[in-house]
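Open the model in a viewer and keep the selection panel at hand. The stops below say what to select and what is there.

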Amino acid sequence: MASGSVGGVLGGDLRQDGRKWNELRRLTCDLDVVKGADGSAMFMMGRTKVLASCNVVPMSTSKLKRSGVTGNRGGGGGGSAPVVELRVSWAPFAMQERRERGRTDRFIVDLENALRCTVQTMLNSSSSTTTRTKSSSSFSAMGSTSEVQIKVVVLTADGGVKSCCVNAVTCAVGMANLACGNFVVSCGCTAQPIGKTLREARMLQAQGAGEGQKFLLDPNSTEINKHMELSLAVTVSGERHHHQDVVSVMCDSKMTPEDLEETVDISSEGCKAIGKFVRKTLMEYMSKVATVSLH
Amino acid sequence: MVRMEVNIHPPRRTYKHETGETRNNEKNGLEVCYETIQEAGPGSVFGQGDLVCVGDAIDPVGTSGDGQDTYLRGHGTRVDVEYDGKGRRVREVLRATVCGTVERVNKLVTVRPVGSQYTAEVGDVVVGVVTEISGKRWKVGLKGNPTLVSGGGGGGSEGVLHLSAVNLPGGAQRRRTWEDELNMRNVFRETDVVCSEVQSLHADGTVALHARSAKYGKLTSGTLVCVPSFLVKKQKHNFLTFSFGDEDDERAGKSKKQSGSRVRRRDKGADPNSVRVVLGYNGNIWVCSPWGVPLSKDKRDSDDEDSSSSGSESDEEMAENADKGKRKRPGTENELNAGVLYNISTVSNVVRAIGDLMLPVTEETIGQGVGLARNLKVEPNLICQQDFLEKLVDQEAVRRMAYED
């Protein structure tokens with residue numbers, strides 16, 4: 001078998017880091033890592049490492065006045081979802097070469113917007129469905145005038161940063177006991193098929209690589225550099241046979257419709273696995289706290 | 001469509017948690033101890049509801065259902081309407097919106113979040129830090145220590161202590177004049193730690209406090225420990241005293257320890273070796289020398305004074321100091337010697353350890369923790385280390401076993 005590597009796939013079925021095409025990286029999630037935050041999580045997907053912390057504070061009066069218009073629009077009486085403030089900071093040492101990313105960096109702004117939308121979806125879906133019965137969905141005495149402050153720090157970036165951020169924020173929000181309709185998890189997939197160029201195709205042929213292995217799940221930065229990335233965020237539900245709602249699809253490269261369909265399928269499978277993991281982590285933490293803190 | 005299987009590697013913890021737990025793939029001692037606790041109950045005995053995660057369907061009827069199919073949707077739940085392919089309504093499912101335990105009261109189904117943040121209730125004793133003086137009131141930060149820069153915290157819930165809600169120097173009730181307003185900083189100033197009671201709750205979420213009783217007021221000569229607020233359960237006494245006697249007293253304490261707690265409550269005459277603890281329901285805990293708590297400083301002179309007269313006495317003292325324009329520092333009169341500081345740090349670190357372990361913070365647990373630390377002769381700086389934490393969890397498990405019997 002030829003020993004050359006093609007598009008991140010080694011000879012045989014394995015990728016550079018030894019995974020199969022449909023294997024996720026190692027997932028690790030530590031909850032309650034930031035003292036003084038209502039909810040915090042350190043989420044790691046392989047070497048990508050993101051820290052998210054979440055605080056619920058009563059909204060200051062000046063902000064309340066400013067957002068008075070938007071708050072009424074979004075809420076429609078009853079319990080409107082809280083306002084979300086989200087900040088992403090990128091550690092300069094996150095990637096191989098040192099790079100400062102300021103507040104106005106295009107990537108950061110993009111990420112902030114995407115994450116803010118995700119969180120709002122999560123929090124909104126709890127209140128929108130409950131308008132039927134008028135009791136407010138607020139979980140605390142703070143009611144609708146609370147503000148959710150989320151801080152995200154990207155500590156190490158090795159591909160899948162967007163996905164990792166979404167997962168970290170989900171864990172943090174879940175731990176902070178904010179009322180949310182569904183959790184949102186995210187997983188990435190390479191956006192362009194392997195073997196696109198003639199040379200690669202020939203090498204693949206020579207290796208006799210199997211069919212249907214065009215995309216790689218949860219790519220790392222090397223793979224993303226070659227094949228770009230599509231990041232899919234979906235809701236996660238408790239039951240096995242429940243549908244997933246797509247929250248966002250983010251992709252920077254061109255794609256054909258067929259490729260899009262396939263990559264979204266692949267990513268959604270990955271999301272299922274991540275959703276299971278997030279749920280398990282949170283439940284373990286909650287059951288530990290619930291039993292241990294009993295008097 | 002491709003058939004695939006997604007594999008997840010088991011998570012492997014690679015870094016040390018700041019509580020000192022090493023989190024490896026194989027369970028360490030602490031995790032095992034936790035499991036013993038979880039088995040020991042009484043969590044399992046007192047039958048909490050099922051634990052649900054966000055998005056889980058809740059059976060509205062419950063296991064003990066008597067056939068009711070109507071229910072009332074309470075906090076922490078939402079109704080999810082499921083449609084079939086043609087957009088027809090198929091069924092309604094009750095789902096959780098927070099992680100927590102399901103509670104059913106008659107028809108009402110609620111999910112109570114695990115470890116929720118502090119929601120004030122009237123009558124709660126709270127410990128806060130004065131953050132701001134504005135107009136006629138002090139603003140008191142109730143969440144964590146706002147003077148520290150920590151994880152973006154501190155901006156949390158805020159209490160308002162009105163000028164008219166404190167006992168002013170000069171004793172009896174009277175109108176508050178503009179002079180009082182100007183002298184507010186002599187009573188409490190920014191970064192002072194204040195102990196007070198929740199008087200009322202406003203609709204917008206702010207909390208009105210009062211400190212009219214002599215036992216409330218400024219806390220001095222001690223340290224503030226912040227733990228998650230849900231660990232501080234409702235209990236009889238918020239002002240605790242832990243006495244650190246001499247050697248023979250310690251032996252007596254050992255024998256007492258078997259019977260449970262070695263706490264001497266309502267300690268008259270403020271034993272100079274004791275440590276006082278104020279448990280605020282908002283999760284702030286003040287650990288101080290016997291003179292750090294407002295009421296106790298009167299007790300060192302005379303035991304039998306009732307609170308009202310001692311209150312006025314302290315007021316006079318306060319007035320004196322206010323005239324001088326000097327801050328009152330009760331701790332300085334009674335020397336904070338090394339022994340007292342040592343005891344304070346022991347107790348405060350025990351409280352910190354208990355908070356880190358997510359064990360309930362009560363008189364009993366603190367007393368037992370302190371007793372354990374003293375029996376094993378653990379230095380205060382080692383209390384938050386893994387070895388001691390394990391022993392603490394062990395002890396807690398034993399305590400719960402005892403409850404179960």
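## Chain B as a whole

Among contacts in chain B between residues at least 6 apart in sequence, 66% join residues at least 24 apart. The model is predicted. Select chain B: its secondary structure comes to 10 helices and 17 strands. Of the 405 residues in this chain, 49% are buried.

## Helix 9 of chain B

Next, select residues 363-375 of chain B, which form helix 9. This helix has 13 residues and spans 18 Å from its first C-alpha to its last, close to the 18 Å expected at 1.5 Å a residue. How many of its 13 residues are buried? The count is 11, so helix 9 of chain B is largely enclosed by the rest of the structure. Colour the buried ones: B:Glu363, B:Thr365, B:Ile366, B:Gly367, B:Gln368, B:Gly369, B:Val370, B:Gly371, B:Leu372, B:Ala373 and B:Arg374. After the helix comes B:Lys377, which has a positive phi, near 55°.

## Helix 8 against helix 9 of chain B

To see the contact, show side chains on both helices. On helix 8 of chain B, pick B:Thr346, B:Val347, B:Val350, B:Val351 and B:Ile354; they meet B:Thr365, B:Ile366, B:Gly369, B:Val370 and B:Ala373 of helix 9 of chain B. By class, the residues of this contact are seven nonpolar, three polar and no charged.

## Helix 4 of chain A

Move to chain A and select residues 161-175, helix 4. From first C-alpha to last, this helix of 15 residues reaches 21 Å, close to the 21 Å expected at 1.5 Å a residue. Helix 4 of chain A is mostly covered, with 15 of its 15 residues buried. A:Asn177 follows the helix and has a positive phi, near 60°.

Helix 4 of chain A contributes A:Asn167, A:Thr170, A:Cys171, A:Gly174 and A:Met175 to the contact; helix 7 of chain A contributes A:Ile274, A:Val278, A:Leu282, A:Tyr285 and A:Met286. This contact has seven nonpolar, three polar and no charged residues.

## Two residues of chain A

Select A:Leu86, in strand 4 (residues 83-90) of chain A. Is A:Leu86 buried or exposed? A:Leu86 is buried, with a relative accessible area of 3%. Leaving out residues up to four places away in sequence, A:Leu86 touches A:Glu112, A:Leu115, A:Arg116, A:Val119 and A:Ile150. Between the C-alpha atoms of A:Leu86 and A:Val169, 83 residues apart along the chain, the separation is 10.0 Å.

Finish at A:Arg47, in the loop between strand 2 (39-45) and strand 3 (48-58) of chain A. A:Arg47 is exposed, with a relative accessible area of 59%. Again leaving out residues up to four places away in sequence, A:Arg47 touches A:Arg25, A:Thr156 and A:Asp158. A C-alpha to C-alpha distance drawn from A:Arg47 to A:Leu27 comes to 9.4 Å, for residues 20 apart in sequence.

Notes: Residues numbered from 1 in each chain as written. Chains lettered and ligands numbered in written order. Predicted model: local features only at pLDDT ≥ 70, side-chain atom pairs only at ≥ 80, totals over all residues. Heavy atoms only, no water. Axes fitted to C-alpha atoms, helices over the stretch in contact; angles between N-to-C directions. Helix = DSSP H or I, 4+ residues; strand = E, 2+ residues; numbered from the N terminus. Contact = heavy atoms within 4.5 Å. Nonpolar A, V, L, I, M, F, W, Y, C, P; charged D, E, K, R; others polar. Expected span 1.5 Å × (residues − 1). Buried < 20%, exposed > 50% of the residue type's maximum accessible area, 1.4 Å probe, protein only.
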